[in-house]
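Look at the model first, then read on.

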Amino acid sequence: MSSTTPGELRLKLTGIRKVCPSVVANDNVSLEVAPGEIHAVLDENGAGKSTLMKIIFGAVKPDAGEMLWNDRQVEIATPQDARKLGISMVFQHFSFFDTLTFTENIALGLPPGVPMDKLASQIRETGDKYGLPLEPDRHVHTLSVGEHQRVEIVRSWLTNPQLLILDEPTSVLTPQAVQKLFMTLRQLAAEGCSILYISHKLDEIRVLFHSATVMRGCKVTGAFDPRQETATSLSRMMIGEAPKQNEHGPANNGGEVRLKTVGLSLPRGHAFATPLEGINLDVRAGEIVGIAGVSGNGQQELLATLSGEDKRAAEQAVVLQGKPVGKLGPDVRRNLGLNLVPEERLGRGAVPVMDLFDNMELSNHRPPFVNNGMVNRGFAATAAAKVI
């Protein structure tokens with residue numbers, strides 16, 4: 001997999017600068033990554049690391065600076081140029097066509113002429129090898145976010161990269177899946193693949209990485225060996241202060257039942273869905289209830305049923321504020337005080353090209369947002385400003 005000799009750098013960035021409308025995204029950024037190195041890029045949100053990764057991958061063009069690839073100066077104008085060099089990237093937000101299958105989506109990023117049956121077999125073998133089982137014939141719109149992540153990762157590995165860029169890949173993975181991913185990344189690094197990895201998680205940083213670069217205010221503020229640092233020192237480098245300690249107060253189990261499921265059972269909604277069987281759940285006032293499980297074991301189906309997106313449940317199977325709502329839709333449940341933050345933020349949680357107050361109007365169809373059928377844009381804009 002490696003095409004460099006000892007002592008060479010896989011990637012070297014010098015003086016990278018990128019100015020976006022009204023903001024400097026990267027300011028004189030320099031970075032070095034060696035063959036077989038797992039290198040972290042750390043920062044607080046908005047410090048420019050994602051823009052830097054997109055520059056390396058050819059999705060964003062820098063305004064200034066130099067890039068060396070295997071000790072040769074290059075200009076990467078497009079992601080296709082990056083892939084030809086051996087650079088692959090797993091984005092934080094997924095880029096799939098929902099109505100296509102795993103195999104069809106992955107084929108779009110590969111050279112033309114690959115037989116689909118051979119590709120499907122290769123997907124299964126790669127997923128099994130790295131502990132990320134996949135069903136190549138499954139349509140993307142049936143996936144959970146965690147399963148989307150598996151497809152993104154396997155798609156990148158199939159290109160046999162020399163440099164793999166991962167933008168917060170564990171944000172939607174379970175702890176077990178994270179451990180499998182780390183084992184795979186170590187294996188890829190041992191084979192000579194360089195890995196550039198964005199993360200906010202201090203435990204990951206200290207366990208996985210050989211080296212790290214810290215960005216603050218769109219500039220590089222330091223490079224170090226994270227294995228020699230503590231969680232406190234890492235936090236100070238990233239955000240300028242030590243992490244605050246969580247304090248757990250006493251559990252409040254005496255409140256009234258706000259949400260209740262009674263023997264909730266549902267057959268599969270499609271061929272790849274998970275059926276729900278006899279779920280009994282009480283959520284009381286002032287209580288935080290966790291639902292744990294490996295992605296793809298019914299969490300998506302349960303939340304669709306609780307929110308009203310799926311109205312196939314029996315009327316009495318879901319009770320909200322004492323009212324049976326199993327057959328009622330999301331608007332009625334919102335009026336009763338139930339709100340949902342979906343796992344897929346873009347597309348389902350928000351419409352990215354719309355303003356915040358326009359997004360707020362989409363899920364608020366009652367006064368004071370809407371009066372007598374007319375949208376109160378002034379109120380919506382004020383409400384959005386308060387949220388910000």
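## Ground rules

Helices (H or I, at least four residues) are DSSP runs, numbered from the N terminus. The expected span of a helix is 1.5 Å times one less than its number of residues.

The model is predicted: local features need pLDDT of at least 70, side-chain atom pairs count only at pLDDT 80 or more, and totals for chains, interfaces and linings use all residues. Residues are numbered from 1 along each chain as its sequence is written, and side-chain values use heavy atoms, without hydrogens and water.

## Helix 6

Helix 6 covers residues 175-190. Its 16 residues should span 22 Å, and its end C-alpha atoms lie 23 Å apart, which agrees.

An α-helix has 3.6 residues a turn, so residues three or four places apart point the same way.

Glycine 192 follows helix 6, with a positive phi near 105°.

## Helix 1

Helix 1 (residues 49-57) is mostly covered. Seven of its nine residues are buried, among them Lys49, Leu52 and Phe57. Glycine 58 follows helix 1; its phi is positive, near 85°.

## After helix 12

Isoleucine 388 sits in the segment after helix 12 (377-387). Isoleucine 388 is exposed, with a relative accessible area of 80%.

Key. Helix = DSSP H or I, 4+ residues; strand = E, 2+ residues; numbered from the N terminus. Buried < 20%, exposed > 50% of the residue type's maximum accessible area, 1.4 Å probe, protein only.
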